[in-house]
Amino acid sequence: MNKKILFLMPDFNGGGAEGVFVQLANYFSLKYQVHFMVLNSYGPNLNKLNTNIKVIELKKNSSIKSIFKINRYIKRNNIDVAIGTLAMAYVISIANLFGRKKCKYIARVGSIISSNLSNISPMKRSILSLYQKVLNFSDTVITQSVSMDEDLKNYINKKTEVIYNPISSSKILSLSEEKSSIKLDSKFFNIVSVGRLAYEKDYRTAILSIAKLKKKIRNIKYYILGEGDLKEELLRYSKSLDLNDNIIFTGHLKNPYPIMKNANVLLLTSLYEGFSNVILESLALNTPVVATDSPGGNKEIILNGENGFLAKVRNSEDIVQKIMLVREQKNYNIDVSKFEINFITKEYEKQF
């Protein structure tokens, strides 16, 4: 029987979770009947969705208020599998309490819960900690890394499944061959970071590391690919460290892969990271990675000396040291085969 699968997330923003869900939906649309439901149908990932996938826009600001509408759609269209991520992971869990009996309701958790709750007031933390328990109502909970899985067990009493994020190496390699408006000069040691300019990405430590590296490597360029609320603050910080000629803020790029491919190293300084898609993408392009050993999946991908190095969180001296190791080491043993989409989708299908 041709299964009907419904993917749910808030919108098509340019984040990692959104990118993963579009990848999965596209892959499964070759085999199953795929529907895609969002609160609002906007964002850069919308254009990446296969045209044979039906998009349903709820036109709501609150995912919780959409529960009855979601279940009506599931029942009316005889959906066999409904899988939600981000806020929709919680909505789909609650929806299962009075949902279609023949449908499997799957919640995919998008981040490290403890880290997400660490920067809010104690009262809000208590409320949101309690809210995590709604995930118990889903048929299956999927996490993206062993670290995330262990963290989630502090909040729910349910068997969970660890399924890593997928990658399509052939597609990434193909996109990396496209022309880019930004050309990296091989006379420089080129460092690149890709991601939202947000607190948890800790770009301040990355920028401070570049200031210290400048004393060791004269010809250095640091490309920051992304947009976010902290852009102006980070521009001012770069200027205060006299790095105007060394740091290039490119904004969000539709295709970052030509830059990533030609960089000497990818730098990821996150305070926490559920599972970094950009690390996998960089490794698929044979570009080694220096990433912080933060809570999350970084340590499950990076093998010191094989495909890059792990550095201490918020420690610019250690980050500098690890980047210098990358500069000295010429050969790496980079293998991303266990993350390939054809393998990862089989893990998802076991939950269907």
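1. Two strands are taken to pair if DSSP finds at least two bridges between them. Strands (E, at least two residues) and helices (H or I, at least four) are DSSP runs, numbered from the N terminus. The model is predicted: local features need pLDDT of at least 70, side-chain atom pairs count only at pLDDT 80 or more, and totals for chains, interfaces and linings use all residues. Residues are numbered from 1 along each chain as its sequence is written, and side-chain values use heavy atoms, with hydrogens and water left out.

2. Six strands, in the order β10-β9-β8-β11-β12-β13, make up an open sheet with parallel pairing. At its edges lie β10 (247-249) and β13 (308-311), each of which pairs on one side only. From one strand to the next, the twist averages 20 degrees.

3. Four bridges join β12 (residues 289-292) to β13 in the parallel sense. Within this pair of strands, A291 has L310 of β13 as its bridge partner.

4. Helix α8 (residues 203-213) lies across β8 (189-194), β9 (220-225), β10 and β11 (265-268), and runs at about 170 degrees to β9. Axes are lines fitted to C-alpha atoms, for helices over the stretch in contact (heavy atoms within 4.5 Å); angles run from 0 to 180 degrees between N-to-C directions.

5. The axes of helix α1 (residues 16-28) and helix α14 (residues 341-349) come within 11 Å and cross at roughly 85 degrees. The two helices are therefore roughly perpendicular, a term that covers angles of 65 to 115 degrees. In α1, Q23, L24, Y27 and F28 meet I341, N342, T345, Y348 and E349 of α14.

Conventions
Parallel < 35°, antiparallel > 145°, perpendicular 65-115°, else oblique.
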